[in-house]
Amino acid sequence: MVLYSYAVCLFLAALATAEQEDLTSNLSADLNAVRLKDVQIQLVQLNDKLNTLNSQMATLMEQSCDRKTVITDCSEVSSKESGVFPLRICAEPTYNVYCNQTFEDGGWMVIYNRNDGRDGTFNQTWEAYKRGFGHPNGEHFIGLNRLHSITYGSSYEIAFLLTTNGVEQVGVYDHFEVDNERDYYPIRKIGSARGNLRLFRDNINLYKFQTYDRNNLHPLARDTMIEEDCAFWFVDMPHAHASAEFKDFCTNLRRLKIMIRKRSGTA
C-alpha cells in the first residue's frame, strides 16, 4: 500500500511537471509570436521611413539642379543666364556642368576653369584627370573620359580664355576633338585659330595629355608640373626641355578657362 501510494505520488508529480513544461512551452510560443509580430511591424515602419527618405533625397537632387531639364549639350539651354545644368552623356549618370551664356552668344560648356588657385586642386594624378574633379561653378576639370565621349566624332569648337593682370586674351579654334585613353587622350583634331592667344602651333604634332605621374617629358619638366600644379596637352619631349618657357606656360594655366561649343548647324 505504501509502495502504491508512493508510485501514485511519483506519477502525479511527473504529470504536474509535464503540464508545467507544456504550459511554459505554450507561453514561449505565444511570446515568440508576439515578438515576431513586433519585428514585422518595425520592418514595415522602417520601410516607410526609407521610402520617405528616398523621396526627400530625390527632391533635394532636383533642387540642387534648380529643377533644370537634363541636357546633352549647352546649346540646348534656352535661358540667357549662365549657370549649372545636369548633363547626360550616353548611359552615364548625370553630371553637373557650367554653361556660359555670355561669351559669343552662349552655348559654351566650361570644361576647365582656374582662378589662380594655389590650393592644389589641379595637382592631381592621371586617374583624377581622367575622372574629373572640382565644382562646376568654381575651379574644376570635366574629366578626359567625358571630354572624349563628348567631342570624339562630333563637331565642336574650343575657346581658351587667359586673364593676366586684368587683361583677357582669347583664342578660339574652330574644331576640337579628343581621342581615347589608349593614346593618352591626344588632341585628334585642332582647327583654325582666331583671336590673340595661341596654345598650339600646328595640327601636325601629336599633343598628348600629360600629368606629373604619367608623361613622356624631361625629368625637369615633371618637377615643374608638381611645383605649378600643371597638367595639359604637350608634345612628347623626353630629351629636351626649355625650362623658362615651360614654367611660364604652366604658370599661365593657373588663370586659364577652357570652353567647348557644338558648332552651329551640327546635330
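1. The chain's secondary structure amounts to 5 helices and 12 strands, taken as DSSP runs (H or I, at least four residues, for helices; E, at least two, for strands) numbered from the N terminus. The model is predicted: local features need pLDDT of at least 70 and side-chain atom pairs pLDDT 80 or more, while totals for chains, interfaces and linings use all residues. Residues are numbered from 1 along each chain as its sequence is written, and side-chain values use heavy atoms, with hydrogens and water left out.

2. Of the 267 residues in the chain, 36% are buried, that is, under 20% relative accessible area (1.4 Å probe, protein chains only).

3. Thr-211 lies in the loop between β10 (207–210) and α4 (219–227). Its relative accessible area is 0%, so Thr-211 is buried. Its side chain forms a polar contact with that of Asp-213 at 2.7 Å (N or O atoms within 3.5 Å, one able to donate a hydrogen and the other to accept it; residues adjacent in sequence count only if both atoms are side-chain atoms). Beyond neighbours within four places in sequence, Thr-211 is in contact (heavy atoms within 4.5 Å) with Gln-124, Thr-125, Trp-126, Tyr-129, Met-225 and Ala-231.

4. Helices α4 and α5 (residues 243–252) pack at about 25°, their axes 10 Å apart; axes are lines fitted to C-alpha atoms over the stretch in contact, and angles run from 0 to 180 degrees between N-to-C directions. The two are therefore roughly parallel (angles under 35 degrees). Ala-221, Thr-224, Met-225 and Glu-227 of α4 meet Phe-246, Lys-247 and Cys-250 of α5.

Technical notes:
Buried means under 20% relative accessible area, exposed over 50%, partly exposed in between (1.4 Å probe, protein chains only). Angles under 35 degrees count as roughly parallel, over 145 as roughly antiparallel, 65 to 115 as roughly perpendicular and the rest as oblique.
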